[in-house]
Amino acid sequence: MPANAGIGLRAQHHLHVLSESPDVSWFEAHSENYFAEGGSHVECLSRIRSRYPLSLHGVGLSLGSTDPLNREHLANLRRVIARFEPALVSEHLSWCSAGGRFANDLLPLPYTEEALRHVGSRIAQVQDALGRQILLENVSSYLQFSASTMPEWEFVAGVAAESGCGILLDLNNVYVAAHNHEFDSREYLEGIPRRIVQEFHLAGFSRIDLDGQELLVDTHGTPVCDAVWDLYRAALRRFGNVPALIEWDTDLPNFDVLQAEARKADSLRSALHAVAA
Amino acid sequence: MPSLRELQVHLMDALLGAGSPPVTLLIAGPGAAAERRLGVYANTVQGNFRDALHSTYPAVWRLVGEDYFRQTAREFQRHHPSRSGDLLHCGQGFPDFLAQLHPDDGFTYLADVARLEWLIQESLLSAEHAPLDLASLARVPPAAYDGLRFELHPTLRLFESRYPALAIWEVNVGSVAEPPMIDLRSGEDRIAIVRQRLQLQFHRLSAGECFFLHAFERGECFSAAVDCGGEADAAFAASAALQRFVAAGAVVAFTSTVKT
């Protein structure tokens, strides 16, 4: 994957990307959006893939669920990987199903030894089935479980050690969770081993008022905020030359706004890289 | 402490409105705050499901209006939660759910419009297929036709309704601000939906043609399909129908059931 920043590909971008061939280093697409056997999405991604490097990012495998691993979903994932040959494949450190019912949302796990062992073995199973390493993304969260016995960063690092997966560190999610649960986002970065982080996510969030308490919600509908850019600088210092991805999902702006965010990420990265060199 | 399994099942019950176990006890912080934090997730879970249903059923959404659609989507999700990590499938039971809600009132047609929208989605997402190899069909001796099994295009879907559902769908997915009224008694639908490349095509069928294609769909051979068409419609002309469906790209392959 190029070291420059990529952009999260949404269906609304397909025609623009195909007709304009914008200057973008790479794209990341949601795996499930291309599970269909045919149709316009699949055709567009095939054509985009022939011009740009690609990462596939899953939202529905439900890695943290205690239901049996969904074999059909895994088979679909294997099929899209064979079809689009992505450089990176990632999933979320979350769960979205119980008893066969799906919430189709990224639900947080309790940070316990039991959950750590469970997710670690599930990721190992998935990596075996896919025949490759996957990256695991930390999620935003709006609640914590009483059962948790360790901080989130210790859980993330533990799962990576247990399964051998890489980490996709979503810096917006770190910032949102740190605000919502009152911990120090720098301590989070310090808790993640240096070599395992292979991608960053950058995005914007919204603020909601929960009876006088401000909660940050990971809506991906605004520019990356200054505090998250600061965290990105800190992450670049700690983890080195790791490619970042700009994510935007709601209230999509013109494509050039996303390109400007990606260029900003590139300039911060090259400035730090130049200093380090 | 609950097991991971218990925690997940209780939380899912709470998010889908399928019960109210003391789930807030699982969440750190005071009970009322825990309830509100859980509500942030519940809103997303319901919103994602509703958005997926809306993108599958845009005409139904327009026909019933946003408020009714939101309420119906919520009820539908409570009884038929998503069963897949891919939300494309979550609306499969929606036409039957609407049929149960409106078994015999002025809105009975809604379920048929929904059925049409589901078939359209299926067609849009099915695999491509090369057209029929006409040269190889030309080499089949006429006497062997009866034993041929014709294969339909993977995007082909057959739709029948006693309402003019396609006309209702067409005016409600367009950009017209005020869709024209359509008389529910203005005709019934028998339609073959097929996608060529990225273009959906709708072919109106006679009763004979419809039975003929259904027979192909069931894997019956040509002679049995001809009989089905003829039983439904005395004027059914099999060779003209076959030519029509080959030209439309609806029939894409054949195999012989007789060893030569």
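**Figure 1. Helices α2 (residues 31-56) and α4 (residues 66-79) of chain B have axes that come within 10 Å and cross at roughly 110°.** The model is predicted: local features need pLDDT of at least 70, side-chain atom pairs count only at pLDDT 80 or more, and totals for chains, interfaces and linings use all residues. Residues are numbered from 1 along each chain as its sequence is written, while chains are lettered from A and ligands numbered from 1 in the order in which they are written. Axes are lines fitted to C-alpha atoms, for helices over the stretch in contact, and angles run from 0 to 180 degrees between N-to-C directions. Helices (H or I, at least four residues) and strands (E, at least two) are DSSP runs, numbered from the N terminus. The angle makes α2(B) roughly perpendicular to α4(B) (65 to 115 degrees). The crossing of α2(B) and α4(B) is right-handed, that is, the near helix is turned clockwise from the far one by less than a right angle.

**Figure 2. Residues from both helices make the contact between α2(B) and α4(B).** From α2(B) come B:Gln46, B:Phe49, B:Arg50, B:Leu53 and B:His54. From α4(B) come B:Phe69, B:Arg70, B:Ala73, B:Arg74 and B:Gln77. Two residues are in contact if their C-beta atoms, placed from the backbone, lie within 7 Å. The contact of α2(B) with α4(B) has four nonpolar, three polar and three charged residues. Ala, Val, Leu, Ile, Met, Phe, Trp, Tyr, Cys and Pro count as nonpolar, Asp, Glu, Lys and Arg as charged, and the others, Gly among them, as polar.

**Figure 3. Chain A meets chain B through 41 residues of chain A and 37 of chain B.** On the chain A side, the elements that give two or more residues are α2 (40-49), β5 (95-98), β6 (101-107), α4 (113-130) and β11 (213-217). β6(A) gives the most, with six residues. This side of chain A divides into 18 nonpolar, 16 polar and seven charged residues.

**Figure 4. Chain B has 11 helices and five strands.** Its radius of gyration is 24 Å, well over the 18 Å that the globule rule gives for 260 residues, so chain B is more spread out than a compact globule. The radius is taken over C-alpha atoms, and the rule is 2.2 Å times the number of residues to the power 0.38. The C-alpha atoms of chain B fill a box of roughly 80 × 45 × 30 Å, taken along the principal axes.

**Figure 5. Chain A has nine helices and 12 strands.** The radius of gyration of chain A is 18 Å, close to the 19 Å from the globule rule for 277 residues, so chain A is as compact as a globular protein of that length.

Notes: Angles under 35 degrees count as roughly parallel, over 145 as roughly antiparallel, 65 to 115 as roughly perpendicular and the rest as oblique.
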